Amino acid sequence: MKRYLTRKLAIYILTFFLAVTIDWVIPRFMPGDPVQTMLSRANLRAEAVEVMRGYYLKAFGLDVPVWRQYLNFWVAVFHGDLGVSVYLFPKPVSRVIMEAVPYSLALLIPATVLSWIAGNKFGAFAARRKWLDNTLLPVGYLLNATPYMWLGILLAWAFGIALGWFPIAGAYGFDRTPSLSLGFILDFLWHWFLPFASLFLVQFGGWAIGMRNMVIYELEADYSQYLEALGTPRGLIRRYAFRNALLPQITGLALQLGVIVAGSVVTEIVFSYPGIGYLILQAIQNQDYFLIQGCFLFIIIGVLLANLVVDIVYIVVDPRTRRGMMGES
Amino acid sequence: MKNEFLYFALRNRKLRLGLSVVLFFLLLTFVGPLLTDYDPWGYIGAPAQPPSAEHWFGTTTFGQDVFSQFVHGLGPAFLVGALGGGLATLIGTAIGFVAGYRGGWIDEILNMLTNIVIVIPTFAVLLIIAAYLEVRSFFIEAVFIGCTAWPWTARAVRAQTLSLRAREFVDLARISGMRASKIVAFEVAPNMMSYLVMVFILQFGGAILNAATLDFIGLGPTTGISLGLMMNYAVLWGALQLGMWWWFVPPGLAIALIVGALYITNVGLDEVFNPKLREK
Amino acid sequence: MALKVEGLRVYYQTLRGDVRALDGASFSVGDGEIMGLAGESGCGKSTLGRSLILLKPPMKYVGGEVLLDGDPLPIWDRERMAPYRYKKVSIIPQQAMNALNPTRKIGRLIRELLEARGVSSRDLLPELKRRLDLVELSHEVLKMYPIELSGGMKQRVVMVISTLLDPSLLIADEVTSALDVSTQKRVAEMLVGFRDHKFVRSMIVITHDISILYQIADSILVMYAGKLAEKGPTEAIVRRPRHPYTQLLISSLPEIGVRHTERRLSGIPGSPPPLLEPPQGCRFRERCPVAFDRCREEPPFEELAPGHLVACWRAHG
């Protein structure tokens with residue numbers, strides 16, 4: 001178990017190191033002069049150009065040797081200094097991101113956890129039950145193949161525009177300010193529901209299909225056949241199969257994190273939901289490079305942390321890792 | 001053997017359904033542009049018109065023909081799918097093969113690399129690269145996707161190679177003095193062909209979805225039309241608020257159908273290649 | 001008679017039609033008898049073994065009757081058969097190494113298995129421990145996960161589990177084939193011990209390895225291409241086989257007591273007939289060195305000497 005965790009941690013630390021390096025390398029070594037590109041794209045007034053040029057030159061620290069620039073970058077990262085946003089000038093990037101994070105997490109965590117649980121339960125239930133299975137297969141695969149933004153668009157159109165049941169933009173009404181009052185919380189949930197539902201549904205399809213396939217595989221496994229030959233009631237065999245099929249699904253969750261993050265980004269864009277995804281769109285449209293870099297770093301850190309959580313859950317659930325019998329996943 | 005696979009392949013409903021849908025869209029990719037004279041970007045009609053005999057899929061807020069955009073957007077989707085998915089399959093297979101076959105420290109290093117790339121969200125890397133690249137083409141997009149989507153394939157192929165390596169016929173070849181590369185090419189690879197075909201299909205679908213996501217947030221190719229870009233414009237220019245369903249339904253539906261059909265094809269192929277699943 | 005099988009037919013359903021894996025089997029196994037069941041792979045011996053306990057698709061019951069201790073076994077009805085499983089008929093499966101749920105400790109697995117069958121696990125615990133001693137396993141295994149045990153240990157755990165409820169009939173399907181030679185011998189002796197301790201009344205030991213049967217079986221039944229070829233006391237089958245197939249099978253063994261590992265008998269030219277549409281008459285005809293005209297008719301499986309049955313025109317003379 002210790003070996004398992006240290007191995008994982010080593011990979012995460014290495015990954016973080018690599019990510020910061022990418023974040024530093026790409027703006028500097030892409031073809032062209034980044035400062036000039038940014039200034040020409042940013043479409044600023046003449047006096048602003050000069051201010052920004054000075055700022056960029058200093059921010060990139062282009063006047064010192066390369067190794068020094070790289071070191072300085074690391075120091076800045078550890079101080080949480082990710083530069084200043086152009087689009088929300090002069091707000092620091094880290095603050096802009098921190099303000100958006102709660103909204104993203106409020107969507108991502110419930111949608112991912114709930115869809116994982118519900119999808120697994122449903123998939124296991126449907127496996128080997130003719131009628132349900134025949135429905136689950138096409139519907140599940142189609143849901144899983146649906147681009148996140150498209151399902152979001154469809155839901156927004158159907159329930160927001162056509163039926164008018166839900167708002168389709170923002171995290172709360174324009175006339176409200178965030179507070180802990182019941183009115184605000186209800187309004188927040190009302191805005192939250194559609195983006196949540198669209199994230200939930202696409203993932204649900206994937207988990208249900210995955211679980212269905214895994215359970216069938218487990219029911220075919222030798223230990224299930226043996227139990228059946230000994231006249232064990234189906235309930236117990238299914239319970240074993242479900243539990244054992246859950247393990248690869250946990251690993252699957254870790255593997256899917258990147259896709260899920262991308263999905264939530266586009267979902268936020270569709271619903272103008274003020275999380276990281278919406279921020280990314282704004283940053284791209286406004287050529288706010290420091291903000292893009294900040295979002296990149298932030299997503300990586302978030303995914304690494306989530307991976308760590310999944311690893312710990314896996315250790316708790318799989319007795320074999322606890323007993324130190326598996327080197328890695 | 002070959003005939004037996006063909007026999008079951010032709011009788012597999014999932015396979016037939018999946019392939020027909022994919023083939024239909026592939027056909028539309030080639031025939032579609034011939035059915036319409038409209039320039040996908042041209043302002044050729046009254047804005048925001050619902051579907052009619054003149055404009056089969058209606059027009060955009062700017063009076064562009066949605067059908068023309070749609071059929072011209074199908075090509076890039078298949079292109080990115082084939083190229084990006086193919087590249088990812090190739091890299092993943094090569095790395096998985098070498099890691100599984102050679103073992104030892106080579107395996108350790110490749111495994112480490114795979115684990116790192118697995119953890120880094122593909123999307124985030126594409127985001128930062130695309131943001132700094134001024135001119136982007138479909139080709140570059142496909143290459144990026146291929147270079148980041150390979151890890152799960154490498155893992156799966158490595159496991160397959162390990163199990164194949166343990167089988168007798170590879171031992172026999174090794175004892176009889178065949179070179180490693182020859183063993184892989186003539187003994188291991190043929191036994192994995194069916195598996196690799198299925199991997200490619202999944203990567204194909206994944207690449208299409210990935211590209212659509214990138215296009216949708218405006219980090220796709222800087223020229224040309226794509227299904228993701230159509231949805232991007234539809235959302236940006238108020239298709240939702242104006243209820244212009246004909247603008248955003250076709251591109252997303254096409255992606256969902258193509259990728260879904262690919263997945264179903266895969267399940268069908270699995271049943272054909274895997275007798276245990278077949279006889280139910 | 002502990003077990004009596006009459007005209008049992010079990011086919012495999014495939015898209016191309018029925019494979020006649022077991023095409024009419026009649027035999028009996030006496031009280032306390034260990035019967036070896038031998039033949040090439042694909043001859044139907046595993047089908048026979050499995051159909052006696054768990055007959056499920058793609059296997060299909062076609063006809064025949066099975067009596068265990070005088071009571072008919074409803075082997076064609078998957079649900080009605082359930083109460084008989086484990087308590088009356090039990091099995092040590094082919095892949096005993098993988099037969100244990102990997103995420104349950106052995107002790108808990110046994111407890112849940114017994115409780116699910118309405119048996120108190122607490123009452124059986126002393127007996128369970130006694131039997132673990134018998135197969136030379138420490139009681140610690142009950143607190144371990146299967147992955148912590150060696151292949152031979154898992155095999156013995158499965159043997160104990162399978163016989164814990166003292167079934168009348170035990171089917172041991174290729175129990176020794178995955179083990180090394182020294183372990184093989186020990187496992188075989190343990191099987192005999194189980195019979196001697198009256199844990200099981202009678203036993204069918206399925207194997208392609210006749211040398212193991214020579215050590216432990218009271219009688220041997222030889223199958224060929226879905227049909228019974230010969231059955232008799234072990235001594236008679238090994239020393240004086242009467243069916244040409246048995247003769248070739250025995251003579252292809254280098255020496256009794258030496259393991260025979262070939263899956264397909266290289267000593268006999270040709271291969272078994274396809275069971276999708278098997279030929280009329282004796283199914284060994286094509287490969288038989290002494291075949292003659294009469295072999296176009298199907299030979300009856302008849303007694304030559306007391307307890308020695310053969311399906312061959314030559315033997316019946």
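Guide: A salt bridge here is a side-chain nitrogen of Lys or Arg within 4 Å of a carboxyl oxygen of Asp or Glu. The model is predicted, so to speak of local features pLDDT of at least 70 is needed, side-chain atom pairs count only at pLDDT 80 or more, and totals for chains, interfaces and linings use all residues. Residues are numbered from 1 along each chain as its sequence is written, chains are lettered from A and ligands numbered from 1 in the order in which they are written, and side-chain values use heavy atoms, with hydrogens and water left out.

Visitor: How many salt bridges are there across the interface of chain B and chain A?
Guide: The rule finds one salt bridge across that interface, and it joins E108(B) to R7(A), with the closest N and O atoms 3.6 Å apart.

Visitor: And which elements of chain B give two or more residues to the side that touches chain A?
Guide: They are helix 4 (104–119), helix 5 (122–132), helix 9 (180–216), helix 10 (227–236) and helix 11 (245–273) of chain B, where helices (H or I, at least four residues) and strands (E, at least two) are DSSP runs numbered from the N terminus. The largest share, 13 residues, comes from helix 11 of chain B.

Visitor: What is the area buried between chain B and chain A?
Guide: It is about 4,800 Å², of which carbon and sulfur atoms give 79%; buried area is the accessible area (1.4 Å probe) that two parts lose on being put together, summed over both. The contact, meaning heavy atoms within 4.5 Å, takes 49 residues from chain B and 54 residues from chain A.

Visitor: What does E127(C) pair with?
Guide: E127(C) forms a salt bridge with R130(C), the closest N and O atoms being 3.2 Å apart, and both lie in helix 4 (residues 121–134) of chain C, three residues apart, about one turn of the helix. Salt bridges that share partners join E127(C), R130(C), R131(C) and D166(C) into one network.

Visitor: New topic: where is E230(C), and which side chain of opposite charge is nearest to E230(C)?
Guide: E230(C) is in strand 10 (residues 227–233) of chain C. E230(C) is buried yet has no salt bridge, and the nearest side chain of opposite charge, R242(C), is 6.3 Å away; Lys and Arg count as positive and Asp and Glu as negative, while His and the chain ends are not counted.

Visitor: Which backbone nitrogens lie by a polar atom of the E230(C) side chain?
Guide: The backbone nitrogen of R242(C) lies 2.9 Å from such an atom, and the backbone nitrogen of H243(C) lies 3.0 Å from one. Residues in contact with E230(C), leaving aside its neighbours within four places in sequence, include I220(C), P241(C), F301(C) and V310(C).

Key. Buried means under 20% relative accessible area, exposed over 50%, partly exposed in between (1.4 Å probe, protein chains only). A polar contact is a pair of N or O atoms within 3.5 Å; within protein, one must be able to donate a hydrogen and the other to accept it, and residues adjacent in sequence count only if both atoms are side-chain atoms.
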